[in-house]
Structure formats: structure tokens, C-alpha cells
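Hi,

Here is the structure I said I would pass on. Have a look at it first, and my notes come after.

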Amino acid sequence: MSKRYYYPAPWLERDLELKDSEAHHLLHVMRAQVGEEVELFDGAGGVAPAKITNLKRKTVGLEIDLSRKEVTEKADFKIRLATAVPKGERFRWLVEKATELGVAELIPLNMERSSVTPRESKIEKHRQYIVEACKQSGRNHLMVLQEIQSFADFCKLITGQNSKCLLGDLNSDFESLEELQSWVKSATSLTVVVGPEGGLSDQEFEMTSKYGMKRWQVGRHILRTETAGLAMATLANLLSH
């Protein structure tokens, strides 16, 4: 079981108090004892060892060793995933795996043929899944999960950033992977876009051309939304090296 725990930045004092789900895990799952060592990460790249100093009914006291704090730098190349939202637990799975793959930012999209529009409370719950995935995978930067937005608003927002935008599709604007990689490497970030299983509407396809998105064929078959999203995120990782 994981001995990594999340305590958000900044760490201003040596003595910290772990609360809520992180404390519950230490108290009731790990059956922690005073004197045991754990690893803390702050979600902003910082990681340091800490010792358990006291146990209460709902909180855990920790003494963090700031002299041994290390800071993990963010990746030079930023990967965003903008995706229609799959049904049920498939979105949770997508959030967790995108975190493990190093996606910096996930943007849920409300598209014309979307079958799911998660409530704000649902988005907030999924942010906890990001913490859990970071604990499991050893990632020290939390993936940013944005509020859901329309495809039109997303297109307007992305044009103001120095980011290439690649749409998962059944057709491709590139003749080879080498040509695609050359295009990607001319930018500091890549935003990969995945539509709903019903596909993009004609109006949405027009917007992809208007805002300069390129297409890449993701396999030979029609993929589920979450499968296509993770395939595109994996591709982005490979292209960035």
C-alpha cells in the first residue's frame, strides 16, 4: 500500500496536520503508528519525508523534514487533453490514467453529440481521483482538471496559446509519423482533442479547420472516447521526445 500522502503547498512550518481522506487512509487503512515515516508531496513538485508525531480520531500530526525536500521540475513539453466526457466510471478511469501518463491539463468538453455533461460536484470529486493517481504513480504535480466548457469556447481559448492542436480522427493530415513529429516539435505544448462516440457535428468540424487543428488517424477502428483520449496522450508523450 502507498505511503505517499498529499498535503497542498505551501509548506510553511515543520509541523503539519493531515486531515480528511488522507488522514482517514493513514488512520484506518494503514493503521499508522507514532514514529512511522511517510512521504509527502505538495502537488506542485515538492516532495519530502515526514514522521508521524501524534494520532487523533480524525487527524494525523506530522513533522516534515524540510531539509530533505526535493522539487521535481515540470516537463518541458506540456500535454493537454480536451475530450468529450464518457459515461459513468469510464470518465474516472480516463482521469486516473491521464494523470499517470503525465497529462498536464484535462479539459472536459460539452459537444453537440455528447451523451454526458457532468455536474460541478462531479468534477470536484474527480479531482480527488487525480490525487490518488499521483500517490500511486509517483507523480508530484497534480494534473489540472478544468470545468466543463463548450467546444466553441474551447476553440477560442486555445488559439490564444502557443499550442499545436491535434484532433483524433479516422483520417490524417500527415503522411507519416515523422512529419507529425516535426510539426509537433515546433511548439512548446500539444493539445489533443477527442470527440464523443457519435463524432463531431458538421459545425464542429468547420471550427476545427477555422482554428487550425490538424487531424491524426488513431488506429484503424472506431475507438471509445476514453480509449482514444489515452491513445492520443500516449502519442503526445512519444512525439515530445
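Below is what I found, going from the whole chain down to single residues.

First, some housekeeping. This is a predicted model, so local features need pLDDT of at least 70 and side-chain atom pairs count only at pLDDT 80 or more, while totals for chains, interfaces and linings use all residues. Residues are numbered from 1 along each chain as its sequence is written, and side-chain values use heavy atoms, with hydrogens and water left out.

**The chain as a whole**

The chain has seven helices and 13 strands. Those are DSSP runs, numbered from the N terminus: helices are H or I with at least four residues, strands are E with at least two. Along its principal axes, the C-alpha trace spans about 60 × 35 × 30 Å. Of the 241 residues, 44% count as buried. Here buried is under 20% relative accessible area, exposed is over 50%, and partly exposed is in between (1.4 Å probe, protein chains only). If you take contacts (heavy atoms within 4.5 Å) between residues at least 6 apart in sequence, 75% of them join residues at least 24 apart.

**The cores**

The largest nonpolar core has 35 residues. By nonpolar core I mean a set of buried Ala, Val, Leu, Ile, Met, Phe, Trp, Tyr and Cys residues joined through side-chain atoms within 4.5 Å. Leu81, Phe91, Leu106, Leu166, Leu180 and Leu190 have the most contacts inside this core. Two or more residues each come from strand S7 (78–84), helix H2 (89–100), helix H3 (120–137), helix H5 (177–184), strand S12 (189–194) and helix H7 (225–239). H7 gives the largest share, seven residues.

Glu96 has a relative accessible area of 18%, so it counts as buried. Apart from neighbours within four places in sequence, Glu96 is in contact with Tyr129 and Ala133.

Which residues of H1 (residues 20–29) are buried? They are Glu22, Ala23, Leu26 and Leu27. Looking down the axis of H1, these buried residues fall within an arc of 120 degrees (taken from the directions from the helix axis to the C-beta atoms), so they line one face of the helix. As a reminder, an α-helix has 3.6 residues a turn, so residues three or four places apart point the same way.

Asp20, found in H1, has a phi near 55 degrees, which is positive in a residue other than glycine. Asp20 is exposed, at 64% relative accessibility. Arg31 sits in the loop between H1 and strand S3 (37–41) and takes a positive phi of about 50 degrees, although it is not a glycine. Arg31 is exposed too, with a relative accessible area of 57%.

Another backbone detail is the peptide bond from Ala9 to Pro10, which is cis, with omega near 0 degrees. Pro10 lies in the loop between strand S1 (4–6) and strand S2 (15–18).

I looked for space on a 1 Å grid over the protein atoms alone: a cavity is a set of points where a 1.4 Å probe fits but cannot get out, a pocket is an open set with protein on both sides within 12 Å along at least five of seven lines, and lining residues have an atom within 4 Å of a point. Points are joined across faces, edges and corners, and a volume is the space filled by probe spheres set on them.

The structure holds one cavity of 30 Å³ or more. The largest cavity has a volume of about 40 Å³, and its lining is made up of Lys3, Tyr5, Leu26, Met30, Ala32, Glu36, Glu37 and Val38.

The largest pocket has a volume of about 470 Å³. Its lining has 20 residues, and Lys74, Ala75, Gly102, Ala104 and Arg139 lie nearest the centre.

Cheers
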